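Here's a quick look at how some pieces of this fold pack and pair. Have the structure open as you read.

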Amino acid sequence: MRELEGTVSSIVFRNPDNGYTVFELAVSGKDQPVTCVGGFSFIAEGECLRISGRDKHHPVYGDQIEVVSYEDIEPSDAASMERYLASGVIKGVGLKLAYRIVQAFGDDTFRVIEEEPEALIDIKGISAKLARAISESFEEKRGIRDLMLFLQKYGISNSLALKIHKEYGHEAKKLILENPYRLAEDIQGVGFKTADALAMNIGIEKDCEHRIRAGILYELSVAEGAGHTYLPADMIVGAVSELLGVDELSAQRALDELTVEGHVIVKGPGITETEEPGKVYRAPFYYMELGVARMLLDLDAMDRFGGEISDAEFSKMHMEDDVHLDDLQKRAVREAYKHGVFILTGGPGTGKTTTIRAMISYFESKGLTILIAAPTGRAAKRITETTGREALTIHRLLGCQGVPDDPAGGRKGRFTFEKNEDEPLEADAVIIDEMSMVDLPLMHALLKAVCPGTRLILVGDANQLPSVGPGNVLKDIISSHRFNAVCLTHIFRQAMESDIIVGAHMINRGEIPKLDNNSKDLFMMERLSSGEIRGVIANLVGGRLARYVGEDVFDVQILTPMKKGDLGTINLNSLLQQYLNPPEEGRRQMEYHDIIFREGDKVMQTKNDYHLEWEIREHGFVKSTGTGIYNGDMGRIRQINTFAQHILIEFDDNRFVEYPFSQLEELELAYAVTIHKSQGSEYPAVVIPLLSGPAQLFNRNILYTAVTRAKKCVIIVGSRQTVINMIHNENEQKRYSGLKECIIEMN
């Protein structure tokens with residue numbers, strides 16, 4: 001490690017997305033400036049810095065210092081002050097003016113600018129207005145520097161400090177000292193735990209009102225991340241008391257205050273839940289549930305669109321479109337045509353896709369326009385292929401647009417949809433597939449864009465896992481018994497030839513499928529140690545299974561219930577990366593938070609990012625562009641650019657995205673993914689390692705979802721007894737959701 005002090009003489013390169021900067025540092029006593037590289041969100045030519053860093057040699061750019069930490073220091077002599085002012089960092093001051101100012105005031109220059117700006121008027125070229133502007137600009141830069149120095153003591157990075165200053169301005173330090181917890185609400189990159197650690201270091205009392213209120217909102221946001229839209233009142237009070245180490249009376253008092261102010265809604269027991277405690281919502285989710293219930297009922301009020309569909313018309317469909325339906329499927333088409341809201345459910349092989357094709361055929365024969373969408377790109381692509389009609393993701397259907405409140409990333413970003421109640425979707429019918437994946441916020445946005453008079457047809461498998469996001473939308477709508485629904489139960493003869501489909505239905509009924517390996521597509525390889533299981537997985541994924549199904553090795557997907565543990569995604573991804581994409585000369589890689597990303601790796605987006613820009617490329621040309629990469633999207637790393645500090649990823653549909661290194665927390669390796677993250681996707685071959693784990697993750701619902709993700713082959717590797725136990729375990733993880741109750745109460 002080396003420590004140097006000097007002045008930034010030139011900025012050679014700066015990546016505005018992540019702050020990566022190459023600059024020259026003029027150091028006293030050295031003839032040549034020193035080249036430095038590192039993450040600097042805010043430095044300019046003329047800045048005086050004290051840096052700590054390591055010597056490194058770049059094969060192209062020569063000797064450099066890789067900066068590990070730095071701090072701004074005040075220029076202490078007239079020469080340094082002149083360089084600072086001449087750098088352009090102060091608005092209105094250039095080379096000549098900087099020279100004249102320093103000639104006039106010498107080492108006292110900064111004090112004069114700060115305390116006696118009117119003295120600047122005596123200098124040629126400076127008016128009273130410019131003098132004020134120079135002083136204000138100088139004060140702003142001083143405020144940023146002071147804030148950085150203040151926050152550095154508490155482990156807050158300079159890049160984060162800059163975001164905080166952009167949000168709060170010169171009052172940032174005062175506001176933080178009053179209530180550091182507001183950072184968690186306002187600033188991208190600051191969560192409750194960061195704000196709480198800062199508060200404790202500053203000296204905020206453990207039972208401070210701001211702290212308890214922030215703790216309540218934090219616990220509710222964690223619950224939303226786990227899929228809940230509310231928490232029972234006694235649970236939230238107990239959780240906050242335990243989290244913060246305060247008594248429950250203080251937690252209840254803070255909850256009452258948040259309720260009075262409208263940040264939190266506490267709803268009493270519903271008409272079917274008289275023994276339950278009150279439900280505590282963050283206000284937006286309470287109003288979303290009310291809104292979804294109201295809009296669904298309004299859509300369905302437009303009932304009885306048309307008359308009955310005759311058998312002759314179904315015969316015509318069969319003749320012209322090769323669509324042959326059983327009685328239950330015919331009923332589904334009739335109900336979808338007649339009602340404002342209709343739900344079609346059923347397991348694999350029961351003819352949901354055929355029924356959708358029949359709906360499309362009949363609706364189009366009546367001159368109706370249809371829009372089709374699904375929650376993920378993979379699901380949309382699949383329904384496009386099976387229906388012959390273009391399907392979009394719901395986000396693209398609604399025209400999702402990222403709207404950051406601050407281009408530099410200060411306040412947490414928002415997003416909007418072009419389609420809404422003022423600009424609704426133009427269609428007579430909207431069909432949404434894979435509805436089990438749709439969470440409450442997305443359903444709310446969709447319904448705002450569907451006006452009464454439009455048929456809404458929701459299609460899905462109610463036995464799949466619920467959405468990753470908050471809510472239990474499909475199950476709540478079905479269990480309200482308010483809307484017309486048809487559940488397809490007949491497994492067609494062609495589907496009966498697939499042991500995957502037959503086995504999935506047996507699992508769903510609580511029966512044990514044949515696991516004797518006398519199958520062509522559903523196998524059980526019993527291994528009773530995690531080491532043996534990992535060895536089998538490596539052997540299968542290394543090419544054997546891909547050859548069996550006639551696909552690329554990267555199309556074989558490992559699905560596991562867990563992220564952690566010997567057979568969790570973290571360990572398995574590390575193992576499979578070594579087998580499928582090992583280090584190789586010329587194959588660039590980088591490490592980020594203990595994950596090695598390597599060119600060629602299979603990766604997955606782990607959160608919705610509405611701001612990321614993508615472009616579709618064909619034959620080296622850009623065909624179209626757009627924004628938004630969503631939770632669960634999978635792709636391959638095509639290039640790692642260490643100089644420009646970004647990774648180029650190709651997602652499905654030839655969408656290319658450049659990820660700044662600063663956003664790599666949104667990515668993870670995807671050779672193995674959790675079963676939850678696999679929703680809506682279909683893979684040629686699936687390998688499921690099952691040995692042991694918590695009951696809430698090793699249940700029938702999880703196993704059923706995993707098996708139904710495969711198109712050609714499923715191999716379960718592990719304990720046969722574990723598989724049997726999962727099938728017998730009907731206890732799904734409890735999800736607190738109030739949509740069903742809202743629908744019943746409003747009806």
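Predicted model: local features only at pLDDT ≥ 70, side-chain atom pairs only at ≥ 80, totals over all residues.

Residues are numbered from 1 along each chain as its sequence is written, and side-chain values use heavy atoms, with hydrogens and water left out.

**Helix 8 and helix 9**

- Helix 8 (residues 192–202) and helix 9 (residues 209–225) pack at about 165°, with axes 11 Å apart; helices here are DSSP runs of H or I, at least four residues, numbered from the N terminus, and axes are lines fitted to C-alpha atoms over the stretch in contact, with angles from 0 to 180 degrees between N-to-C directions.
- That makes helix 8 and helix 9 roughly antiparallel (over 145 degrees).
- On the helix 8 side, Phe192, Lys193, Asp196 and Met200 meet Arg211, Ala214, Gly215 and Tyr218 of helix 9 (contact means heavy atoms within 4.5 Å).

**The sheet**

- Three strands form an open sheet in the order 6-8-7, paired antiparallel; strands are DSSP runs of E, at least two residues, and two of them pair if DSSP finds at least two bridges between them.
- Strand 6 (231–232) and strand 7 (264–267) are at the edges with a single partner strand each, so one side of each has no neighbour in the sheet.
- Strand 7 is joined to strand 8 (residues 279–282) by 4 bridges, and Lys267 has Lys279 in strand 8 as its bridge partner.
- Helix 12 (residues 283–301) packs on the sheet, touching strand 7 and strand 8, and its direction makes about 100° with that of strand 8.

Methods: Parallel < 35°, antiparallel > 145°, perpendicular 65-115°, else oblique.
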